[in-house]
Amino acid sequence: MLWLLAGSAAGGLIFVIFDRMLNAKGGYLRKAATAISYLSNRRKKQITQMLERLGDIEFIRSIPPEQVHSLIDFVRPVTFQPGEKLFDMGDVGDRLYFLEEGDIGLSENGEEFKTLHAGEVLGEIALVTGAPRTANAIAKTRTIAFELLKADFDRLRRLSPDLDAAIIRITNQRLEDLQDRRIETTQAAQHWASAAKNNIGHMGVPTQEEIHEAAKEHGGAPMSIWLGTVLDSIPESFVLG
């Protein structure tokens with residue numbers, strides 16, 4: 001019995017190790033169950049990483065953690081290189097940016113009057129008031145931000161009164177040319193991300209498009225799929241035996 005238990009434990013460990021190795025090479029495409037499990041876990045990991053990054057932005061933390069699904073569905077990460085223009089004065093305000101990293105210079109008539117840093121919001125005035133852009137915005141350093149389109153921005157405001165109040169508050173501060181509020185401590189950001197992560201729950205079944213995209217990443221992964229199928233049959237054969 002001891003040898004049987006030891007062998008079962010060792011076999012289970014070997015199975016898990018080889019299963020993960022093959023999945024990393026596309027072996028999860030061998031059947032629907034493994035594809036759903038692998039892609040769901042990968043999506044949840046990606047969302048968790050996004051929440052941790054978003055949690056560093058004080059303005060974003062105005063959204064209650066239980067409403068985080070709405071935010072994740074709408075924002076997308078974007079990157080700007082030094083000297084790249086985000087928008088010009090007078091442009092239609094069709095999106096805003098939550099700055100995660102880098103510096104954005106705001107200028108008027110060729111003269112810079114303000115620099116926005118990580119944790120701040122850019123472009124909310126045009127979205128709230130409907131007025132054209134009030135300044136030129138150019139990346140001073142490599143900048144990473146989260147982009148939110150106007151249609152999604154308006155939808156989020158309707159879904160979250162707390163977010164709507166925060167938007168009005170920060171817009172009034174910007175319009176009155178007050179100093180930017182201080183970013184809360186890293187601990188507060190981590191606490192928000194943790195609370196939001198706990199509200200993610202089940203991520204649902206991956207779409208057919210996601211499975212097709214995953215297959216393209218690995219070129220079909222025929223060898224990994226074949227080995228994964230063989231590996232799956234081993235514990236079943238032992239149980240039947």
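The side chain of Glu-147 makes a polar contact with the side chain of Arg-76, at 2.8 Å. A second polar contact joins the side chain of Glu-147 to that of Arg-95, at 2.9 Å. These values come from a predicted model. The chain in question has 241 residues, with nine helices and eight strands.

- Glu-147 lies in strand β8, which covers residues 143–149.
- Glu-147 counts as buried because its relative accessibility is 5%, and the cut-off for buried is under 20%.
- Leaving aside residues up to four places away in sequence, Glu-147 touches Phe-74, Val-75, Arg-76, Val-78, Arg-95, Leu-96 and Tyr-97.
- Among these residues are Arg-76 and Arg-95, whose side chains make the polar contacts described above.

**A nonpolar surface patch**

- Met-223, Trp-226, Leu-227, Val-230, Ile-234 and Phe-238 make a nonpolar surface patch of about 640 Å².
- One of these residues, Ile-234, is placed in helix α9, which runs over residues 222–240.
- Ile-234 has a relative accessibility of 39%, so this residue counts as partly exposed; that class lies between the limits of 20% and 50%.

**The chain as a whole**

- Buried residues make up 40% of the 241 residues in the chain.
- The chain exposes about 14000 Å², and carbon and sulfur atoms supply 57% of this area.
- Of the contacts in the chain with a separation of 6 or more, 77% are between residues 24 or more positions apart.

Notes:
Residues numbered from 1 in each chain as written. Predicted model: local features only at pLDDT ≥ 70, side-chain atom pairs only at ≥ 80, totals over all residues. Heavy atoms only, no water. Helix = DSSP H or I, 4+ residues; strand = E, 2+ residues; numbered from the N terminus. Buried < 20%, exposed > 50% of the residue type's maximum accessible area, 1.4 Å probe, protein only. Polar contact = N/O pair within 3.5 Å; in protein donor to acceptor, adjacent residues only side chain to side chain. Contact = heavy atoms within 4.5 Å. Patch = residues over 30% accessible without salt bridge, like charges linked within 9 Å, V, L, I, M, F, W, Y side chains within 5 Å. Areas by Shrake-Rupley, 256 points an atom, 1.4 Å probe, with all protein chains shown as cover. Salt bridge = Lys/Arg side-chain N within 4 Å of Asp/Glu carboxyl O.
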